[in-house]
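I am opening a notebook on a structure that is new to me. My plan is to go from the whole chain down to single residues, writing down what I look up as I go.

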Amino acid sequence: MLTTAPRGTKDILPSEIENWRYVEAAMRRICAQFGYKEIRTPVFEHTELFKRGIGDTTDVVEKEMYTFTDRGERSITLRPENTASAVRAFCEHKMYAEPAPTKLFYIGPMFRYDRPQAGRYRQFHQFGIEALGVDSPAIDAEAILLAVTILKELGLKDLHLKINSVGCSKCRPQHRAKLQDYFRPHLEGMCNDCKSRFERNPLRLLDCKVPHDHELAAGAPSLEECLCDECREHFEGVKRLLTAAGVDFEVDNTLVRGLDYYTKTAFEIQYVPLGAQSAVCGGGRYDGLVKEIGGQDVSGIGFAMGMERILLALESQNLLPEHKDGIDAFIVCPNQANFEAAFKTAIALRQAGLKTEFDFLARSMKAQMKQAGRLNARFAVIFGDDELARGAVTLKNMAESTQTEIPVDDTVTILQTEVQKYE
Ligand code: HAM
């Protein structure tokens, strides 16, 4: 057990890290184009922030949080998502005093006690954005366009964007009453969660995963009929701008999302071939959240993408670039009596900016040459007894299998010039 990572977590190995960096670089590049700045918030927060922010009738808060009491008797939770924390930081650092919008992005680990399966983990990573302080549908369209641009830039096809409006505090009570009327006669046969949510938050009945309840939810009255004029107009504005930007989308009136803070626009992007865990991106507007956690009445919109799911999708479409790993020089020193000189040269090469390795295990000449090949070294610098007696070392070009003798004191300058020829 001590040699296995906890269930639902995984190591990101050196052989995988370049893929992560590649995807993150695309995200950072496009965020810069869209004017979003990075924020890094703590991995844990006061539990109350998520209860209030995400909503205490959601699956995330009721079943999936890693919550513990710290040594100071505070209730602490590992962040299950980053929106509540970003909004907390927005309030704490009075970002609202700056001209709107405040545009933030983040990349980092999130934690949910979920049932692990392909594409679903207990520690996973999200890239996400939040834009605060703008009511206009233009910022909703921009956020969606940012998500689509990133996924397209990475080369992903077969993406499916669904959008919906989940209304606001003005039109939701009417929908809530309609939902209760619809579900009331069926309540007896529904799961305990649904029974408890019937009064507390009937909208949550729409995303119950129990098959019987899920089927029932499909026939529930849609929110669309209840939208107030403001929400309807806002939704029309978002659709108009997405169309103008040439973004394909489907309006899906059953899309409600699993977190309580959403108002008006909600959206998800699916990469269908991923199967059960096909949602690679989800987000929406949250006009009441800043106020809910104690800030001013400031609106917001954002989304988050699951990094692991995006990497799975890229891998399945063969869209990850090949990374050529290699070093500039491997110092071969078969006679330990010469090790000090070899070691000093290795340090000098590294100080000159060259990627340099050497042997630690007093291996044979043959084994050290093999190691140079395995590390994909461009040059081997051989500290042989005979050459050293002449104040020289052998420089071997590994790819071309050619070699020359060079003065040991000139190794750094010569190698710098040689390596440059390949850049
Ligand atoms: P979410 O839909 O809960 O939204 O998560 C966003 C994305 O994170 C999902 O579409 C999925 O790709 C990924 N994800 C979620 N749970 C897991 C998991 N257990 N394993 C792997 N990937 C997962 C949010 O978190 C909101 N904070 C998004 C947002 C930002 N809304 C407004 N601003």
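**Whole chain.** I began with burial, and found that buried residues make up 49% of the 423 residues in the chain. I noted for myself that this is a predicted model, so every entry below describes a prediction. For secondary structure I counted 15 helices and 16 strands in the chain. The radius of gyration is 28 Å, well over the 22 Å that the globule rule gives for 423 residues, so I describe the chain as more spread out than a compact globule. Taken along the principal axes, the C-alpha atoms fill a box of roughly 95 × 50 × 40 Å. I then looked up contacts, and among those with a separation of 6 or more, residues 24 or more positions apart account for 69%.

**Cores.** Which residues touch the most other members in the largest nonpolar core? I found that I54, F90, L132, F183, L206, Y261 and V290 do so, in a core of 51 residues. The largest share of this core, five residues, comes from helix α4, which spans residues 83–92. A second, separate core has 44 residues, including I30, I150, V238 and A313. Going back to L206, and leaving out residues up to four places away in sequence, I listed its contacts as H175, L179, F183, A217, A220 and V256.

**Helix α4.** Nine of the 10 residues of α4 are buried, so the helix is largely enclosed by the rest of the structure. The buried residues are T83, A84, S85, A86, V87, R88, A89, F90 and C91. Their cover includes β2 (44–46), α2 (47–54), β5, β6 and α10 (289–292). After α4 comes K94, with a positive phi near 50°.

**T41.** This residue lies in the loop between β1 (37–38) and β2. Is T41 buried or exposed? Its relative accessibility is 11%, which is under the 20% cut-off, so T41 counts as buried. Leaving out residues up to four places away in sequence, T41 touches R79, N82, S85, A86, R88 and A89, and of these S85, A86, R88 and A89 are listed among the buried residues of α4. The side chains of T41 and N82 are joined by a polar contact of 2.9 Å.

**H125.** I located H125 in strand β6, residues 123–132, and at 15% relative accessibility it counts as buried. What does H125 touch, not counting residues up to four places away in sequence? The list is I12, W20, G108, P109, M305, G306, M307 and E308. With E308 there is also a polar contact, side chain to side chain, at 2.8 Å. As a check on distance I took V166, which is 41 residues from H125 in sequence and 26 Å from it in space, C-alpha to C-alpha.

**Helix α15.** In this helix, residues 411–420, I found T411, L415 and V419 buried. They cover an arc of only 50° around the axis, which puts them on the same side of α15. An α-helix has 3.6 residues a turn, so residues three or four places apart point the same way. The buried residues of α15 pack against β12 (327–332), α12 (339–351), β14 (377–382), β15 (392–397) and β16 (402–407).

**Backbone notes.** Most residues other than glycine have a negative phi, and most peptide bonds are trans. I therefore wrote down the exceptions that I came across. The peptide bond from A100 to P101 is cis, with omega near -5°, and P101 sits in the loop between α4 and β5 (102–111). A362, although it is not a glycine, has a positive phi of about 50°; its place is in the loop between β13 (356–358) and α13 (365–374), and with a relative accessible area of 48% it is partly exposed. N376, also not a glycine, has a positive phi of about 60° and is found in the loop between α13 and β14, where it counts as partly exposed at 43% relative accessibility.

Definitions and conventions
Residues are numbered from 1 along each chain as its sequence is written. This is a predicted model: local features need pLDDT of at least 70, side-chain atom pairs count only at pLDDT 80 or more; totals for chains, interfaces and linings use all residues. Side-chain values use heavy atoms; hydrogens and water are left out. A nonpolar core is a set of buried Ala, Val, Leu, Ile, Met, Phe, Trp, Tyr and Cys residues joined through side-chain atoms within 4.5 Å. Buried means under 20% relative accessible area, exposed over 50%, partly exposed in between (1.4 Å probe, protein chains only). Helices (H or I, at least four residues) and strands (E, at least two) are DSSP runs, numbered from the N terminus. Contact means heavy atoms within 4.5 Å. The arc is that of the directions from the helix axis to the C-beta atoms. A polar contact is a pair of N or O atoms within 3.5 Å; within protein, one must be able to donate a hydrogen and the other to accept it, and residues adjacent in sequence count only if both atoms are side-chain atoms. The radius of gyration is taken over C-alpha atoms; the globule rule is 2.2 Å times the number of residues to the power 0.38.
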